[in-house]
Structures are given as structure tokens and as C-alpha cells.
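Subject: Structure handover and notes

Hello,

Here is the structure we talked about, for you to open alongside this message. My notes on the packing and the aromatic rings follow below.

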Amino acid sequence: MGEFFSTVLSFPTVVFSFLLVVVVGYWLIVVTGVLELDDSDAVWLGLGGAPAGVTLSLLIALAWLLCLIGSQVVSGGPLIAVPFAAAGLAWLVTRGLLGPLRRLVPDGDRHSRGDFVGQACVIRTGSATPDFGQAEVTAADGSTALVQVRTTGADRLSRGDRALIFDYDKDGEFFWVMPHESEV
């Protein structure tokens, strides 16, 4: 075990050992829920199609492993090329593994609550006031959702009234609505 740690903490493997510790720390933080996994792509590396955290973790872990193997196979002067060769080969392998990973990550549109802003809705509770209310809204794909709504000022809407969603309150997690005349 001592020889393993000696190899991991010596050149050239130590170059990627630190990065591997960062990756393990990142995933511990993600698993505990302190940090949310970013779903942006690592396109700037030519490795798009999977979340950047997954892609970079795979790339660093492979580079570390290949560097560890290379440090045992190569000795002397060519040892300086091992980290570069490991990084290049890890990039190629990661790029090859992303094909199957891309199928696991949906390409479809990411829907958010903000998509309902500007949509017409129908009040479904007895009334909608500045303090309480629910409405049914139809999404672009034809599905419906029951959402929390609030009115402003003296507006009071009754069950079956049509309303227009004009804003979303992230803190209160409800939509602001106002009376609306057109069909839903």
C-alpha cells in the first residue's frame, strides 16, 4: 500500500491526483445536496452532450488512471510525456464514451414555470384573490397543470373566470393573474 501512495504522490501521477481529489470532493458535495449538479455541457472541450460535471469527472479519472499506468511502464526521460499522453488518451476515450451517455441525457426542451407567463388560464377554486387561488393552465404541448395564482389590488376572480398569467413570483411560488376576456 505504501508503494501505491508513493506512486500516486510522485511525478507524473501527482499532476492528476490533486484533480481527482477535487472531483471526489465535488461528488461528495453533490450527493449530500449542498450543491446542485449543473446541466450545462462541456462543449468548450469538444465533449458536449452530457452534463459538464459528469464529463469532466470522467476525463480526470481516466487521465489519472492512464497516468498511473504510464508511470509504471515508462521511466527516465520520457516520463515527462506521460501526463500529456494520458490527458490526450483520456480525452479520446471520454469522447468515445459520451456516445452512450448522450442517450441517457434527454435532449428535449427544458420546461420551466416561466413558460406559463403570457398564457390564459381558468380559475378552478371558488375565487382567486391577492391571498389565495388556483387556476388550470394549458401548456404548449396540450397538457394541463393546476397552479397557484394571486390577483393584484381589488381584482377578484370567481370559479370559471378566465385570467391571464402575467408574472411568476419565485419566492411565493405562485403566478400573478389578471382578468382576461379571450378563450383559453
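The largest nonpolar core has 14 residues, and those touching the most other members are Cys121, Ile123, Val149, Ile165, Phe175 and Val177. At least two residues of this core come from each of strand E3 (120–123), strand E5 (134–138), strand E6 (144–151), strand E8 (162–169) and strand E9 (174–179). E8 gives the largest share, 3 residues. Please keep in mind that this is a predicted model.

Neighbours within four places in sequence aside, Val177 is in contact with Cys121, Val149, Arg150, Thr151, Thr152, Leu157, Ala163, Leu164, Ile165 and Phe166. There is also a second, separate core, made up of 13 residues, among them Trp64, Cys67, Leu79 and Ala86.

Next, the aromatic rings. The structure holds 5 aromatic pairs. In one of them, Tyr168 and Phe175 have ring centres 4.8 Å apart and planes at 50°, so this pair is tilted rather than edge-to-face, a term kept for planes over 60 degrees apart. Both partners are buried: Tyr168 has a relative accessible area of 16%, and Phe175 has one of 3%. In another pair, the ring centres of Phe174 and Trp176 are 5.1 Å apart; their planes are at 75°, so the pair is edge-to-face. Phe174 counts as buried at 11% relative accessibility.

Tyr168 and Phe175 belong with Phe116 to one aromatic cluster. The ring of Phe174 has the charged end of Arg150 sitting over it, 5.0 Å from the ring centre. Arg150 is also among the contacts of Val177 listed above.

Lastly, a residue in a helix. Ser57 lies in helix H3, which covers residues 52–73. Is Ser57 buried or exposed? With a relative accessible area of 12%, Ser57 is buried, since the limit is under 20%. Apart from neighbours within four places in sequence, Ser57 is in contact with Val23 and Trp27.

Regards

Conventions: Residues numbered from 1 in each chain as written. Predicted model: local features only at pLDDT ≥ 70, side-chain atom pairs only at ≥ 80, totals over all residues. Heavy atoms only, no water. Core = buried A, V, L, I, M, F, W, Y, C linked by side-chain atoms within 4.5 Å. Buried < 20%, exposed > 50% of the residue type's maximum accessible area, 1.4 Å probe, protein only. Helix = DSSP H or I, 4+ residues; strand = E, 2+ residues; numbered from the N terminus. Contact = heavy atoms within 4.5 Å. Phe/Tyr/Trp six-rings, centres within 6.5 Å; stacked < 30°, edge-to-face > 60°. Lys NZ or Arg CZ within 6 Å of the ring centre and 35° of its normal.
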